[in-house]
Amino acid sequence: MSIIWGEFLTIIREEVGSRVVDTWFKAVSLGKWDMILKEVYLEAPNAFVKDWLNKNYLALCQTHLARLLKVTSLKVIIIDVSDTKNDNSVKNNVLESVECPGQAGTQEVVLYKPAKVATIKRGNYTNTGYSFENFVVAPSNSLAYAAAQAVTEKPGCLYNPLFIYGNSGLGKTHLLHAIGGSIKNKDKKAVVLYQTTDRFVSEFINAIRFNKVHQFEAKYQSADVLLIDDVQFISNKGQTQEAFFHIFNLLYDAHKQIVFSSDTFPQDMDGIAERLRSRFAWGLVTDMYAPSLETKVAILKKKAELCSEVVDDAVMYFIAEQVTSNIRELEGALVRIIAFATLTQQAITLELAYKVLLRTSLKSAPRVVDFEGIVKVINKQYNCSLKDLCSKSRNKHITFIRHVAMYCMKHLTDKSLRDIGTFLGGRDHTSVVYALEKIERHMKENAHFGVELRRIENEILK
Ligand code: ADP
Ligand code: MG
C-alpha cells in the first residue's frame with residue numbers, strides 16, 4: 001500500500017504541484033483497499049484535511065488510484081483518523097454511498113435492462129443489443145442457442161436450470177441477455193433479473209454488513225427469470241453459496257427459470273459445495289466451443305452489417321485467421337480496423353487491415369527478433385537456405401524470397417536498410433528499398449499473399 005501511495009504522490013505532484021502535495025497529501029496515508037467493493041480508504045490526520053480533500057481532490061484521487069490499483073473505477077472514502085468515533089464514521093460514510101438492496105426504504109426490484117454493446121459506425125456510435133437476431137448460429141454454439149430459445153418459449157418448464165459453459169469471449173453473456181430481452185419482449189410484466197456473479201457476491205457481502213440479507217433474498221426471490229453470469233466466481237465463497245442455494249431452491253420450486261453461464265463445466269468447478277454443484281447440472285448443461293473459420297467470418301459479417309460497413313471478404317478472412325477463437329477479440333480487431341479507416345479517411349483494404357493488426361500485435365508482444373530468426377522461418381517456409389538468400393543469384397524464386405526476408409527485417413526489427421542489405425549478401429540499401437516496394441505492391445494485388453506474409457511474421461514473432 002505504501003508503494004502505491006508513493007507512486008500516487010509522485011504522479012499528482014506533477015499534476016498539482018509540490019505545494020499542494022506537501023500541504024494536503026503528505027500527512028495522509030492509504031488505509032485499506034477493499035477489492036471486492038472497489039473501495040479505497042484514505043486516512044486524513046484531521047477533519048479539516050478530510051473535508052478539503054473531499055471537496056477539492058476527490059476526483060483526482062479516484063482517477064489515479066483506480067489506475068494504480070488496476071481497476072476501471074473505484075470509490076475513495078476519506079476518513080478522519082483523529083475522530084474518536086472513527087469506527088462509526090467509516091460506517092456512516094459507507095452507508096451513504098454503497099448501493100444496498102432495499103436501501104432508502106424501497107423494496108423495489110432492479111428490473112431487467114437489456115445490455116447495449118457499442119459498435120463503431122463511421123464517425124458515429126450506434127448501439128446494438130445482445131439479441132437473438134444479432135447472434136450468429138453455428139455448430140460451435142447451436143446447442144446453447146437452441147436451448148436458450150427454448151427457455152424463452154416456456155420459461156421454467158423445459159430446461160431448468162439452463163447451464164451454459166464455454167471459454168471466455170464465446171458469446172455466453174450475449175445469450176443470457178438475449179434470453180432476458182426476449183422474455184421481456186413477450187411478457188412486459190415478467191421480472192427478469194440479470195446479475196454477474198461478482199456483483200451478486202458483493203451485494204451479498206453488503207447485505208450482511210448492513211443487516212439487509214432479507215431484502216437481498218427478497219429481491220432475488222421475486223424474479224421470474226434469474227440470469228446469473230460467470231457463476232464460476234462463486235467458488236470458495238461458502239456463505240454466498242449458501243444464500244444462493246436457498247434462493248435457487250425457492251425459485252426452482254416455484255418453477256421460475258434460472259440460467260447460468262460459466263467458463264467451467266459444473267463437475268470441474270473447484271470450491272463449490274456439492275449440493276450446489278449438483279443443482280447446476282439438474283437441468284440442461286450445454287457447451288459453446290471455439291468457432292470455425294467460417295463461423296468467425298459469418299460473425300464478422302454480421303458485426304460489419306450492424307455498423308453499416310461494407311468490408312471485403314478477403315479482409316474478413318484475414319481478420320478471422322488472425323484471431324484464434326475469442327469472438328470478443330475478433331470483434332475488437334474489426335472495430336479497430338474500422339476506427340482506423342474512419343480516422344485516417346481510408347478505405348478498408350487488406351493492406352490497411354494488415355497494418356492495423358500487425359501493429360497491435362507487435363505492441364502487445366514486444367520481442368527482440370534478429371535477422372537469423374527471421375531467415376530461419378523464411379527458409380523453412382520457402383525451402384531455401386541462407387546461402388541462397390545471400391547469393392548473387394537472380395533466379396526469380398530466390399529473388400522473391402529475398403524480398404520477403406528484407407520486408408520482414410524492416411518490419412520486425414529496428415535495423416537500418418543498410419544493415420539489412422549488408423546481412424543479405426552485402427547488397428546496397430537501394431535494393432532493400434526496391435524490395436519493400438515490390439512486396440507492398442504484391443500485397444495490394446494479391447490478398448492471399450498478404451495473409452501468407454502475416455502468417456510468416458506471426459511465426460517469426462512466436
Ligand atoms: P462471454 O460472455 O462468453 O465471454 P460474450 O457474450 O461477452 O462472451 O461475447 C463476446 C462478444 O462476442 C460480444 O460482443 C458478443 O456479441 C460477440 N459474440 C459472441 N458470439 C457471437 C455470435 N455467435 N454471434 C454474434 N456475436 C457474437
Ligand atoms: Mg461474459
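This is a predicted model: local features need pLDDT of at least 70, side-chain atom pairs count only at pLDDT 80 or more; totals for chains, interfaces and linings use all residues.
Student: Why is C408 called buried?
Tutor: Buried means under 20% relative accessible area. C408 has a relative accessible area of 0%, so C408 is buried.

Student: What makes C384 count as buried?
Tutor: The cut-off is again under 20%. C384 has 14% relative accessibility, so C384 counts as buried.

Student: How do you know what span α18 should have?
Tutor: Helix α18 covers residues 396–412, which is 17 residues. The expected span is 1.5 Å times one less than the number of residues. That gives 24 Å, and the end C-alpha atoms are 24 Å apart, so the two agree.

Student: Which residues of α18 are buried?
Tutor: Among them are I398, I401, V404 and L412. The run from I401 to M409 is also on the list: R402, H403, A405, M406, Y407 and C408 are buried too.

Student: What lies at the start of α18?
Tutor: A side-chain oxygen of N395 comes within 2.7 Å of the backbone nitrogen of H397. The cut-off for a polar contact is 3.5 Å.

Student: What surrounds ligand 1?
Tutor: A shell of 18 residues. The closest are G169, T173, H174, R328 and E331. By type, the shell has six nonpolar, eight polar and four charged residues.

Student: Which helices supply at least two residues each to that shell?
Tutor: α7 (172–186), α12 (293–306) and α14 (327–343).

Student: What makes E331 a polar contact of ligand 1?
Tutor: A polar side-chain atom of E331 lies 2.5 Å from an oxygen atom of ligand 1. The limit is 3.5 Å, so this pair qualifies. A backbone N or O atom of V136 lies 2.8 Å from a nitrogen atom of the ligand. For L170, a backbone N or O atom lies 3.2 Å from an oxygen atom of ligand 1.

Student: How much of the accessible area of ligand 1 does the protein cover?
Tutor: The protein covers 96% of the 550 Å² that ligand 1 has on its own.

Student: What span does α12 have?
Tutor: α12 has 14 residues and reaches 20 Å from its first C-alpha to its last. That is close to the 20 Å expected at 1.5 Å a residue. Its buried residues include T295, K296, V297 and K303.

Student: What comes just after α12?
Tutor: S308, with a positive phi of about 50°.

Key: Residues are numbered from 1 along each chain as its sequence is written. Chains are lettered from A and ligands numbered from 1 in the order in which they are written. Side-chain values use heavy atoms; hydrogens and water are left out. Helices (H or I, at least four residues) and strands (E, at least two) are DSSP runs, numbered from the N terminus. Buried means under 20% relative accessible area, exposed over 50%, partly exposed in between (1.4 Å probe, protein chains only). A polar contact is a pair of N or O atoms within 3.5 Å; within protein, one must be able to donate a hydrogen and the other to accept it, and residues adjacent in sequence count only if both atoms are side-chain atoms. A residue is near a molecule or strand if one of its heavy atoms lies within 4 Å of it. Accessible areas come from the Shrake-Rupley method with a 1.4 Å probe; for residues, only the protein chains shown count as cover. Ala, Val, Leu, Ile, Met, Phe, Trp, Tyr, Cys and Pro count as nonpolar, Asp, Glu, Lys and Arg as charged, and the others, Gly among them, as polar.
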